[in-house]
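Colleague: I would like to learn how to read salt bridges and a chain interface in a model of this kind. Could you take me through them one feature at a time?

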Amino acid sequence: VSAARPLRIASPISVAEEIDGLATAGANELYCGVLPRAWVDRHGPTVWLNRRGPDKANLRSFGELERLVARAHQRGLAVRVTLNSPYYDERQLADAVVVAKAIQATGADGVIVGDPALVLALRDDDVPLDVTLSSMAAVHNVEACRFFVDLGVRRIVLPRYVTLDEIRTLRQGLPDVELEVFILNDGCVYEEAHCATTHTEGAFCMTDWRYDFARLDGEALGADEAHGLARNVEAHKRWIWYVTNCGGTYTERGIPNGPCGLCAIAELADLGVDCLKIVGREAHPFRKRRSVEMVRAIVDRVNDGGSADEARAASREIRETPEHCDAGFMCYFRTAPEARNP
Amino acid sequence: VKPPAGEEHLARLYFGTDFCQTLLPTPRALRAALEARGGSEAGFTLVTPPVNDDGLARIAALLDVLVHDPARTRAEVVVNDWGALRLVARAGGRPRPVLGRLMTRFLRDPRLAPPAPSQGETAADTAPASSAYGRLLASMGVEHVEVDSGRPGIPVDFARLGLRPSVHVGWASVSRGRVCLYAGLAQPDLAKFTSSTRCRRECRTYEAAVADADANASTRAPLVAAGNAIFERHDEALVEQALACASRHGGRVVLRERAFSETAWALADLPRARRWLDTELPS
C-alpha cells in the first residue's frame with residue numbers, strides 16, 4: 001500500500017464535550033452544524049440550515065461553535081461546518097452567507113456546501129473559508145468536479161455508492177483536489193441529492209411499500225415472474241434494513257451495525273483518497289467514538305504497511321458480525337461480481 | 001404519446017432518460033431517432049442522466065452526432081449533471097444545454113399538502129434563487145430549465161434566473177438513486193443493489209404501483225416505482241399547475257406515455273397543448 005497522503009478521519013460532532021473522546025479515538029477532523037435561533041425565527045423549524053434538523057445534531061449558537069473550535073484546535077483537530085442544504089431560497093441564501101461569515105469569525109476551518117448557488121455566493125462575497133463540496137452536489141465525474149473547483153471548492157465529498165473504479169478515475173483526473181468518501185454509518189436508499197422528499201415528514205425511503213407489479217406490454221405476470229419479483233422485493237427490504245443501520249442495532253460489545261467501508265480502506269488509501277467520513281452528527285457520543293475507533297484501527301494497520309487482505313480480515317474481526325459482512329448489503333464499496341469480472 | 005396530428009412541426013421530440021446512465025442510447029440509436037423525426041421541422045431534445053466518467057464519454061459521443069446533424073441549431077441536450085453541462089456548453093450553443101429536472105431542486109414530497117389556491121405557484125420557497133446563479137447558467141448557454149409539477153407547487157423564480165420552463169406533465173419524479181430495484185432481478189443477492197449491478201433493462205418490462213402498507217398512512221398519493229426512481233402520478237390539479245406555470249413563464253409542456261419512457265413530446269403552444277393533453281394524457 002502506497003498512500004500518497006496519509007488518510008484522515010472526519011468525525012461528526014454535536015457538542016464540545018465530545019472532542020476529547022473523539023480526539024483520543026483517533027479523529028483528525030471534525031464536522032458539525034450550527035442552527036442559530038435567528039434562523040429558526042426567520043425561516044421556521046422545518047426549513048433546515050443543513051442536512052440535520054433542530055434536535056440533537058446541531059449546536060445552538062455561534063458562541064457554542066467558537067468554544068468547540070477553540071477546544072478542537074487545542075487538540076489539533078480542524079473543524080468544518082455544514083451548510084449543506086440541497087438548496088436555499090432567495091432569503092435563505094442571503095442569510096446563509098451571513099451565517100457563513102459568522103462561522104468564519106468563530107475560527108472554523110471551512111464549510112461544507114451542497115448548493116451551487118451558495119458556493120457562488122461565498123466566492124462572490126469573498127468569504128475567506130475553505131469550501132468543501134458536500135455529497136449533496138452529486139458529482140460523479142471529473143468534469144463535474146472541475147465545475148465546482150473552478151468556483152473555489154478545494155475538497156469534494158463523493159456521494160455514497162461511488163465505486164472504487166470511479167474513485168480511481170476521479171483521482172487521476174483531479175490530482176490537485178482533496179477527495180473524501182463515506183466510510184461508516186447511515187446509508188441512503190436513493191441518491192441523497194436526487195431525492196425531493198423531506199425528512200421532516202420521516203424518511204420516505206423507509207416506508208413499508210406494498211408493490212403491485214405489472215408488465216409494461218399489458219400481458220399478465222407469469223407465476224415465475226411474480227415469484228421472482230416478490231423475492232426481489234424481499235431482498236430489497238433486507239438491503240434497506242442494512243442501509244438504515246441494521247435497524248439501529250449494536251453488537252454486544254457496542255459496535256454500531258450499519259453501512260461500512262472498513263474493508264476497502266487499504267484500497268482507498270492506495271487510490272489516494274484523502275479523508276474518510278463517518279456519518280451521524282445526531283448520534284449518541286458513544287456511537288461516534290466507537291465509529292472513530294473502528295476506522296482508526298484499520299487506518300493504522302494500513303499505515304503500518306498491512307496488506308489489503310490483512311485490513312479486510314481485521315475489519316471483519318472488528319465488526320464482530322461475519323453474517324452481516326457476508327450478506328454484502330452492509331458494504332459501502334461492494335462491487336457487483338459481474339462488474340468486477342465482466 | 002403522439003404529437004398533435006397535423007401540427008407535428010410545432011412539437012419537439014424528447015429522446016432519452018433523465019434517470020439512468022445504463023439507458024443512454026448508442027450513437028446509432030440516436031441517429032435512428034433523429035431520422036424518425038423525419039423531414040418535419042420538429043425540434044429535437046436529447047435527454048441525459050447523471051453520469052460517471054464512462055457515461056460522460058458516452059454523452060460526448062452522442063454530442064458528436066448532434067453537432068453534425070443538419071438540424072443542430074434546433075437541437076437541445078437536457079443535462080442532469082454538472083459535467084455534462086460543461087461538455088455541452090463547449091459546443092457553443094449548437095446544441096443548446098437545458099438544465100434537467102434533477103438539477104433544479106425543490107420539494108416534491110407526495111406526503112406534503114399542496115398549497116392553498118390563494119398562495120399561487122410560489123407558495124413555498126423559491127429555489128434555486130440567486131441572480132449570480134442565473135448569470136452562471138446564462139454564461140453556459142442555459143435558457144431553459146426542466147421542472148416537474150409536484151407538491152407543493154413549482155417554486156422556481158424563473159424570471160430572476162432568466163430561464164423559461166419545460167414542465168413535465170403526467171408524473172413528477174420524487175426520488176431517484178443509482179441503486180435500482182429492478183436491475184438486480186436476475187442477479188444473485190450479492191450482486192443486487194449496487195451502483196455497478198449489471199442489468200438486463202428489466203425496467204423496460206416491469207413497473208409497479210406502490211402504496212404505503214400502513215393503512216393509516218397520511219398520504220394515498222398514486223406512486224409508481226419505475227426504473228431507478230419513484231414518481232407521483234399527476235392528478236388534475238397538478239396538471240393544471242403545470243399548464244399554468246408554462247403559460248405564465250413562456251414555457252412548454254412535456255408529455256410522455258409512462259414515467260420512465262425514453263421518448264416524449266413537448267409543445268409550447270399552450271392552447272394546443274391543453275387540447276393535446278385532453279386526448280393524449282394517459283388515463
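Colleague: Which residues of chain A are linked in a network of salt bridges?

Modeller: A salt bridge is a side-chain nitrogen of Lys or Arg within 4 Å of a carboxyl oxygen of Asp or Glu. By that rule A:R8, A:E29, A:R80, A:R155, A:E178 and A:E180 are linked in a network. Before going further, note that this is a predicted model, in which local features need pLDDT of at least 70 and side-chain atom pairs count only at pLDDT 80 or more, while totals for chains, interfaces and linings use all residues. Residues are numbered from 1 along each chain as its sequence is written, chains are lettered from A and ligands numbered from 1 in the order in which they are written, and side-chain values use heavy atoms, with hydrogens and water left out.

Colleague: Are A:R80 and A:E29 buried or exposed?

Modeller: Buried means under 20% relative accessible area and exposed over 50%, with partly exposed in between (1.4 Å probe, protein chains only). Both A:R80 and A:E29 are buried, and A:R80 and A:E180 are likewise both buried. As another case, A:E282 forms a salt bridge with A:R52 (2.8 Å, N to O), and A:E282 counts as partly exposed because its relative accessibility is 27%.

Colleague: How many residues of chain B are in contact with chain A?

Modeller: Contact means heavy atoms within 4.5 Å, and 66 residues of chain B are in contact with 73 residues of chain A. The size of an interface is often given as the accessible area lost when the parts come together. Buried area is taken here as the accessible area (1.4 Å probe) that two parts lose on being put together, summed over both; between chain B and chain A it is about 6300 Å², of which carbon and sulfur atoms give 58%. B:R105, B:R111 and B:F193 supply 12% of the area that chain B buries against chain A, more than any other three residues.

Colleague: How many salt bridges does the rule find across the interface of chain B and chain A?

Modeller: The rule finds 7 salt bridges across that interface, and B:R86 and A:D150 meet through their side chains in a salt bridge (2.8 Å, N to O).

Colleague: Which strand gives the most to the side of chain B that touches chain A?

Modeller: Several elements of chain B each supply at least two residues of that side, including α2 (53–67), β7 (171–176) and β8 (206–212). With 7 residues, β8(B) gives the most. Two strands pair if DSSP finds at least two bridges between them, and 7 bridges join strand β9 (residues 209–215) of chain A to β8(B), the two running antiparallel. Within this pairing, B:A211 in β8(B) is the bridge partner of A:R210.

How values were computed
Helix = DSSP H or I, 4+ residues; strand = E, 2+ residues; numbered from the N terminus.
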